[in-house]
Amino acid sequence: MEGRAFTFQFLFMKKLSVLLTLLASVLLPSVTGQTTKAQTHEVLITTNMGNMRVMLYDDCPRTVANFLSKVRAGYYDDSLFGRVMPTFMIQGGAPDSKTALPGQSIGWGDISEEIPAEIRKNHVPKKGALCAPHREGVVNSDMSMFFIVDGYVMSEATLNNWEKTHNADARKAAQRKVMTQAVKDSLAMLKTTSIAEYNQLARRINHDIDSIARTMPGTRFFTPAEREAYSTIGGAYHIYGEYTCYGEVVEGLDVITKIAALESNAVNRPKTDVRMKIRVIK
């Protein structure tokens, strides 16, 4: 009898331990991402520090048409990459940079060149993303210049921790909503020996928590496309969904790194001038 009692107690505690571990775990949410396929137009940005081939996105037709019109007219030719911020971006194309004196502050933009933004959730601000700046508090894209993301690489662990920290309050609130029933279900599960049922219960609980958390204001979860980009080539996760990203560098990512690393002055202008010419190649 003592042996049977010990065996029952051991199995009970083992099941309880497994169940509590599963309930305590927080599964990462998954959302539908989109990968970039071949697009219609490409341009070549040539500089004194190397060249970048840029593919333009078809689903930003107004922005791309405006950019191509300017490229064909030579609008950006002989302008500078006048603002660099390592691990963030390089910005250039501003007309006032063409004749700027050394050290002069440049790149203030042109309100007359603004057009409505075309922000797409499937466009990730990864390293090499071609983006349109905008004035603070104004979503419209300023096409008088552009910036290209430099960014930095984040590990999967860092991405996970960021999500957990950023969404902690929302997840706690969601957990409170679902845990009452979950506790009842978990007690019922102690009557069975099926680990598969434990797994199913844990998946359902975490799915319910994630679903509720996603509906709460201020939550932010990385898309699969973001995760892939940020953990491989890097990017600027903090500007996702805030700027029109209308293309990406497909050759010459190393040129971005070199330009971004240039020594700059107090207003982020490189002390070495980097001039550009842009032409349509497709």
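Predicted model: local features only at pLDDT ≥ 70, side-chain atom pairs only at ≥ 80, totals over all residues.
What does the side chain of Lys70 meet in a salt bridge? Its partner is Glu113, with 2.7 Å from N to O. This pair links distant parts of the chain, because Lys70 belongs to helix H2 while Glu113 is in the loop between S4 and S5, 43 residues apart. Lys70 has another neighbour to look for: its charged end sits over the ring of Tyr75, 5.1 Å from the ring centre. Tyr75 in turn is part of a cluster linked by ring pairs, together with Phe67, Tyr76, Phe81, Phe146 and Tyr246.

Let us stay with salt bridges for a moment. A search of the whole structure finds 14 of them. One joins Arg62 to Glu118, where the closest N and O atoms are 4.0 Å apart. Arg62 lies in helix H2 and Glu118 in the loop between strand S5 (114-115) and strand S6 (129-132), so this pair ties together parts that are 56 residues apart in sequence. Are the two partners buried or exposed? Arg62 counts as partly exposed at 40% relative accessibility, whereas Glu118 is buried at 3%. Glu118 also meets the side chain of Arg120 in a salt bridge of 3.7 Å, N to O. Arg120 is partly exposed, with a relative accessible area of 29%. Elsewhere, salt bridges that share partners join Glu42, Arg53 and Glu251 into one network.

Now turn to the aromatic rings. A pair of aromatic rings is described by the distance of the centres and the angle of the planes. In the whole structure, a search finds twelve aromatic pairs. Take Phe88 and Phe147: their ring centres are 6.4 Å apart and their planes meet at 50°, so the pair is tilted. Phe88 is in the loop between strand S3 (83-85) and strand S4 (89-92), and Phe147 is in strand S8 (residues 146-149), so that this pair links parts of the chain 59 residues apart.

Which other ring pairs with Phe147? It is that of Tyr243, in an edge-to-face pair with 5.4 Å from centre to centre and 90° between the planes. Tyr243 lies in the loop between helix H6 (224-230) and strand S9 (244-251), so its pairing with Phe147 in strand S8 ties together parts that are 96 residues apart in sequence.

The backbone has something to show as well. Most residues other than glycine have a negative phi, and most peptide bonds are trans. Asp78 has a positive phi of about 70° although it is not a glycine. Asp78 is placed in the loop between helix H2 (61-72) and S3, and counts as partly exposed at 38% relative accessibility. Thr87 also has a positive phi, near 70°. You will find Thr87 in the loop between S3 and S4, where its relative accessibility of 44% makes it partly exposed.

Finally, look at helix H3 (residues 156-166), where Leu159, Asn160 and Glu163 are buried. These residues cover an arc of only 100° around the axis, which puts them on the same side of H3. What covers the buried residues of H3? The cover includes H6.

How values were computed. Residues numbered from 1 in each chain as written. Heavy atoms only, no water. Phe/Tyr/Trp six-rings, centres within 6.5 Å; stacked < 30°, edge-to-face > 60°. Helix = DSSP H or I, 4+ residues; strand = E, 2+ residues; numbered from the N terminus. Lys NZ or Arg CZ within 6 Å of the ring centre and 35° of its normal. Buried < 20%, exposed > 50% of the residue type's maximum accessible area, 1.4 Å probe, protein only. Arc of directions from axis to C-beta. Contact = heavy atoms within 4.5 Å.
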